[in-house]
Amino acid sequence: MAAALALAERGRATTAPAPCVGCVIVRNGHVIGRGWSQSGGRPHAEAMALAEAGGAARGATAYVTLEPCAHDSPKGPKCSSLLIDAGVACVVAAIGDPDPRTDGRGFAALEAAGVEVVRAVHADAARRSMAGFLTRKALGRPFVTLKLATSLDGCIAMADGSARWITGDAARRHGHLERARAEAILVGRGTLEADDPTLDVRLPGLEARSPARYVLSRDGAVPNGWARLSSPQAIAELPGDFLLVEGGAGAASAFLTADLVDRLLLYRAPILIGGGCAALGDIGLADLAAAHGRWRLHDARVLGSDRLEVYERVRQI
């Protein structure tokens with residue numbers, strides 16, 4: 001399943017409105033087929049893996065990160081039928097599909113045909129992988145990641161606004177990888193006017209994965225190549241399932257105030273600024289007790305001389 005999840009990441013931010021899914025088919029301890037959802041969602045991961053496996057899929061086990069679909073589409077047949085027709089003996093799935101066209105029907109069809117079904121394998125990792133799809137289904141909006149790059153004392157810039165560069169090369173490269181994993185990226189108007197950022201992906205081989213650029217602004221024209229988002233709540237209108245909010249303090253505070261941040265990337269450089277620009281403004285917190293229990297540390301790592309901490313918003317979707 002870990003291999004299937006890794007394959008699924010290849011389709012990240014390219015498959016909406018379909019989820020990014022991975023599939024690995026194993027027979028007698030050997031991988032005979034691999035697949036992941038292609039751009040636009042089709043072919044599905046199972047179809048790709050079965051095409052690679054061919055006749056060897058009979059009697060094999062398919063590891064798939066999402067319940068195989070149970071509805072036909074003009075773009076392709078239902079994957080539950082493909083697996084049955086191929087003679088797969090067992091399907092190991094990470095999570096069920098909340099799409100009402102499937103939602104248990106894929107598992108039921110497999111079991112009715114005599115295929116063994118094993119559920120909830122690496123379920124938490126799969127939910128993280130498909131967070132955009134699941135958030136769109138549950139909340140009607142994309143999954144939002146907020147990136148903050150700060151000094152040890154919580155500043156994002158000098159007092160005069162200069163901010164290049166707080167973090168080092170390794171942290172900035174990681175930030176570019178995060179850009180490649182989102183369909184859209186957003187900054188506030190102040191950041192746009194002060195920094196004129198390109199917000200593109202500058203990693204070899206991933207340049208084409210640069211996200212669409214948005215500026216948070218109540219009114220006013222925006223430069224060519226940019227689109228305006230009138231409020232954090234307007235993200236429901238965005239295409240795609242993953243949004244990266246990259247700056248500055250006003251935009252970050254607005255999204256936090258609206259409780260629309262699902263994941264927080266906190267890059268901290270081993271520097272002290274003192275008297276600089278704070279990473280956040282007022283986020284509407286009236287009681288310190290309300291600040292506790294909202295965020296859970298998921299990951300922490302060292303990137304060159306900097307430290308990255310990844311926090312997840314504690315919520316049920």
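Let's start where α3 and α4 touch: S80, L83 and I84 in α3 meet G106, A109 and L110 in α4, where contact means heavy atoms within 4.5 Å. The residues of this contact divide into four nonpolar, two polar and no charged. For that count, Ala, Val, Leu, Ile, Met, Phe, Trp, Tyr, Cys and Pro are nonpolar, Asp, Glu, Lys and Arg are charged, and the others, Gly among them, are polar.

A quick word on what you are looking at: this is a predicted model, where local features need pLDDT of at least 70, side-chain atom pairs count only at pLDDT 80 or more, and totals for chains, interfaces and linings use all residues. Residues are numbered from 1 along each chain as its sequence is written, and side-chain values use heavy atoms, with hydrogens and water left out.

Helices here are DSSP runs of H or I with at least four residues, strands are runs of E with at least two, and both are numbered from the N terminus. So how do α3 and α4 (residues 105–112) cross? Their axes come within 9 Å, at roughly 20 degrees. An axis is a line fitted to C-alpha atoms, for helices over the stretch in contact, and angles run from 0 to 180 degrees between N-to-C directions. That makes α3 roughly parallel to α4, a label for angles under 35 degrees.

Now for the other neighbour of α3. The axes of α2 (residues 45–53) and α3 (residues 79–86) come within 9 Å and cross at roughly 20 degrees. Here E46, A47 and L50 in α2 meet C79, L82, L83 and A86 in α3. This contact divides into six nonpolar residues, no polar and one charged.

Which residues of α2 are buried? They are A45, E46, A49, L50 and A53; buried means under 20% relative accessible area, exposed over 50%, and partly exposed in between, using a 1.4 Å probe and protein chains only. Seen down the axis of α2, they fall within an arc of 125 degrees, so they line one face of the helix; the arc is that of the directions from the helix axis to the C-beta atoms. Their cover includes β1 (22–27), β2 (30–36), β3 (61–66) and α3.

N28, in the loop between β1 and β2, has a positive phi of about 55 degrees although it is not a glycine. N28 is exposed, at 71% relative accessible area. L199 also has a positive phi, near 55 degrees, but L199 counts as buried, at 4% relative accessibility.

How values were computed: Parallel < 35°, antiparallel > 145°, perpendicular 65-115°, else oblique.
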